[in-house]
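User: Could you take a close look at one part of this protein for me, a helix and the sheet around it? I'd like to follow how the pieces sit together.

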Amino acid sequence: MSISLQGKTILITGASSGIGAATARACTDAGMNCIITARREDRLLQLAKELGDTCIPIAGDVTEPGFNAHLIDQSNNIYAVFANAGHGLDQRLIEFDAEQFKQLFDLNVFAAVELASLAATQMVNKKEGHILLCTSCLSKFSVPQNSAYCGSKAALEAIAKSIRIELRKSKVCVSTVHPIGTTTEFFLESASRSGKDSSEFEKNTPAWLMQSPEKVADAVLKCLLKPKPEVWTSFTMRLISTLFSAFPRFAGLFTR
Ligand SMILES: NC(=O)c1ccc[n+]([C@@H]2O[C@H](COP(=O)([O-])OP(=O)(O)OC[C@H]3O[C@@H](n4cnc5c(N)ncnc54)[C@H](OP(=O)(O)O)[C@@H]3O)[C@@H](O)[C@H]2O)c1
């Protein structure tokens, strides 16, 4: 049986573009109230205008101390949280930049876990709720020049596995979302952070491994309706990642 989402509230981070914005649209269409957040206020206001009265924009940086707490304080009665904000970094080991590496972990791991923790406190008391953490297919195996990114997504997945068991008794679900390459601003943002004009990562991702953000949003919505531990949009990639885990020697074969 599906959970009724009508009138329930979801907080979505990284909602000014890509997967976050598409998920806000899908959740609104399903009758949910959305609290959307990201740093670019103009984008959020534009999306909130499109989605109507059931959408509340709150602009800010989730890595700023206190901002996640502010989000939870402002968000009365949250049913679900989608910790989706994240960025990549095209960087070889010999280009290692400690500050950039830490910034990436601050956003992709610490901010997501802090938000999950703050939301869980409310959810545990109500004995219902759903925490979704956006990882990647790259939480299961790694590609070159993206060690910080792959490491952050693997860490987030491991954390999710632990808190999933922890929260089970409180009837709070924890799911990880594992997109394959998705046509968003992600690649350009990763490249520009690394001082590059274009993304090697994107160039090396075959077209059959690319999808639209709407496809991820639909899968997230299905998971809200029928909770499950992991959200995948590509069975092939799920299978490949399982093979890479079982036979790590083959993991580098498909990357140039
Ligand atoms: N695109 C892919 O191929 C792909 C594949 C697997 C997983 N993912 C994951 O999917 C998630 C969403 O990425 P996307 O593809 O939709 O890329 P995107 O379009 O670049 O979206 C990233 C979002 O994160 C927000 N953000 C970045 N830094 C932030 C901060 N410090 N505080 C608050 N918000 C922040 C950005 O908004 P502002 O700049 O306005 O703050 C933006 O809304 C990420 O976790 C990413 O790792 C993406």
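Analyst: Two strands count as paired if DSSP finds at least two bridges between them. Keep in mind that this is a predicted model. With that cut-off, strand E5 (residues 129–134) and strand E6 (residues 172–178) pair in the parallel sense, over 6 bridges. Within that pair, Ile-131 stands opposite Val-174 in E6.

Now zoom out to the sheet. It is an open one of 7 strands with parallel pairing, in the order E3-E2-E1-E4-E5-E6-E9. E3 and strand E9 (230–232) are the edge strands, each pairing on one side only. From one strand to the next, the twist averages 15°.

Two helices to look at pack on this sheet. Helix H5 (residues 147–168) touches E5 and E6, and its direction makes about 160° with that of E6. H2 touches E2 and E3, with its direction at about 175° to that of E3.

As background, an α-helix has 3.6 residues a turn, so residues three or four places apart point the same way.

Finally, just after H2, Gly-52 takes a positive phi of about 95°.

Conventions:
Residues numbered from 1 in each chain as written. Predicted model: local features only at pLDDT ≥ 70, side-chain atom pairs only at ≥ 80, totals over all residues. Helix = DSSP H or I, 4+ residues; strand = E, 2+ residues; numbered from the N terminus. Axes fitted to C-alpha atoms, helices over the stretch in contact; angles between N-to-C directions. Contact = placed C-beta atoms within 7 Å.
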